[in-house]
Amino acid sequence: MELVKAVDGLWQRGWLPYDVREMVSRSLDESATSLVVDVIALSCSPHPAATVHPRWQRQLDEIGASVWWEGPLLEAWAERHIETLPFASRTASELLAYLVRFPSLPRILPLPGDGLMSAVRAGVDPKVLNRVRGLLAKAESTSFPEEAEALSAKAQELMNRHALERAMLDADLPALATSRRMWLDKSYFKEKSQLVQVVAKAFRSRAVAYDGFGFVALVGDEVDLESIELLSTSLLVQATRAMVAAGGRAGKGSEARSRPFRKAFLVAYASRIGERLEDDAPVSDERLLPVLADRKQAVDTLFNEMFTRTRTSRVTVRSAAGWGAGRAAANVADLGTGRSSVTSG
């Protein structure tokens with residue numbers, strides 16, 4: 001099947017299952033998105049689970065990629081979605097024409113079937129990760145500041161304790177850096193990506209924004225990258241809520257509802273969050289300092305191998321009111337998993 005060959009080629013060019021699904025969903029329709037998920041499942045199905053990287057498998061699970069059918073895919077897909085076979089063929093042709101245009105990306109995970117995954121370095125314990133996510137989700141949804149503060153403090157405590165334990169356990173192991181891609185909403189992508197970059201910097205990680213696609217590539221320690229995703233996601237929710245609230249309090253047609261105001265708001269928010277993270281207390285246990293130094297060197301080495309040519313982009317701020325409102329919102333944002341909590345680097 002040509003579609004499977006095309007997807008196999010994307011794996012060779014550095015793309016991951018979530019990346020492909022996200023690209024298709026942002027550019028084509030729901031039918032093409034549904035079909036590409038099934039093609040991804042078919043592409044990965046021949047490989048034993050022991051030869052599939054855990055992060056690769058998590059992405060397959062997240063997008064719902066599993067072989068649910070028997071026989072030819074297009075016929076089963078058409079029947080499941082109550083469509084004609086000619087419609088399925090047209091969808092497949094449009095999808096194929098789109099997939100073959102994907103450029104190459106740095107490869108960040110071994111391909112399924114490349115070998116056993118027994119040597120994979122663990123990230124945040126799944127039980128801890130789920131608890132922290134649950135606490136932050138409740139903190140973001142509650143309308144009571146005291147409750148949000150208590151929930152964020154509990155999340156901070158969990159991440160802090162777990163990070164300290166992991167850092168000490170890994171002290172005798174060689175420093176390893178890895179990479180992830182964090183997809184953001186297209187709306188105000190450049191401004192939102194700045195927030196992710198300041199959080200990454202606070203965790204001794206590096207970030208590169210792919211404006212044309214909609215994701216930020218992160219390079220860092222496995223535990224740190226998970227912390228960056230957690231904190232960035234939570235802060236983006238808080239920033240968006242505060243930005244929308246500022247517009248809601250203003251009258252119709254006011255500056256607070258304008259695009260320049262919102263851009264300035266998000267840039268200022270990211271700038272102030274960066275300052276707050278830099279002001280956080282340093283690591284208190286001096287035994288961790290050599291570990292963190294080795295990890296930073298590993299991060300810089302991998303980053304330079306992956307990205308041989310990068311450029312700095314600038315964002316123009318055209319609303320003083322938006323800048324002031326963004327900094328004010330960042331001053332009261334909950335840094336539930338900030339750098340002072342996650343001391344593994």
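In this predicted model, Ser43 sits in helix H3. The residue is buried, as its relative accessible area is 4%, a value that falls under the 20% cut-off. Once residues up to four places away in sequence are set aside, Ser43 touches Val4, Val7, Asp8 and Trp11. Ser43 can also be related to Ala65, a residue 22 places away in sequence, with 10.0 Å between the two C-alpha atoms.

Ala65 itself belongs to the loop that runs between helix H4 (54-63) and helix H5 (73-80). With a relative accessibility of 12%, Ala65 counts as buried. Its contacts, neighbours within four places in sequence left aside, are Val37, Ile40, Ala41 and Leu60.

Helix H3, which spans residues 30-44, also packs with helix H6, residues 85-99. The angle between the two helices is about 80 degrees, and their axes lie 10 Å apart. Because angles of 65 to 115 degrees count as roughly perpendicular, H3 and H6 are therefore roughly perpendicular to each other. On the H3 side the contact is made by Ser31, Ala32, Leu35 and Val36, and on the H6 side by Phe87, Thr91, Ala92, Leu95 and Leu99. Sorted by class, the residues of this contact comprise seven nonpolar and two polar ones, with no charged residues.

The class make-up of the contact of H7 with H10 is five nonpolar, two polar and four charged residues.

Val237 is partly exposed, at a relative accessible area of 30%. Although Val237 and Ala137 are 100 residues apart along the chain, their C-alpha atoms are separated by 9.6 Å. Ser232 is likewise found in helix H10, but this serine is buried, with a relative accessible area of 0%. Apart from neighbours within four places in sequence, Ser232 is in contact with Met182, Leu195, Val196 and Val199.

Tyr188 is found in the loop between strand S1 (178-183) and H9. This tyrosine has a positive phi of about 55 degrees, although it is not a glycine. At 11% relative accessibility, Tyr188 counts as buried. A positive phi is also seen at Arg204, where the value is near 55 degrees, again in a residue other than glycine. Arg204 is found in the loop between H9 and S2. With a relative accessibility of 25%, Arg204 counts as partly exposed, in contrast to the buried Tyr188.

Helix H9 and strand S2 also contribute to a pocket. The second largest pocket has a volume of about 690 Å³. Its lining consists of 19 residues, of which Gln197, Ala209, Arg311, Thr312 and Ser313 are the closest to the pocket centre. Helix H9 (189-202) and strand S2 (206-210) each supply at least two residues of this lining. The largest share, five residues, comes from H9. By class, the lining of the second largest pocket divides into five nonpolar, seven polar and seven charged residues.

Key: Residues are numbered from 1 along each chain as its sequence is written. This is a predicted model: local features need pLDDT of at least 70, side-chain atom pairs count only at pLDDT 80 or more; totals for chains, interfaces and linings use all residues. Side-chain values use heavy atoms; hydrogens and water are left out. On a 1 Å grid over the protein atoms alone, a cavity is a set of points where a 1.4 Å probe fits but cannot get out, and a pocket is an open set with protein on both sides within 12 Å along at least five of seven lines; lining residues have an atom within 4 Å of a point. Grid points are joined across faces, edges and corners, and a volume is the space filled by probe spheres set on the points. Helices (H or I, at least four residues) and strands (E, at least two) are DSSP runs, numbered from the N terminus. Ala, Val, Leu, Ile, Met, Phe, Trp, Tyr, Cys and Pro count as nonpolar, Asp, Glu, Lys and Arg as charged, and the others, Gly among them, as polar. Buried means under 20% relative accessible area, exposed over 50%, partly exposed in between (1.4 Å probe, protein chains only). Axes are lines fitted to C-alpha atoms, for helices over the stretch in contact, and angles run from 0 to 180 degrees between N-to-C directions. Angles under 35 degrees count as roughly parallel, over 145 as roughly antiparallel, 65 to 115 as roughly perpendicular and the rest as oblique. Contact means heavy atoms within 4.5 Å.
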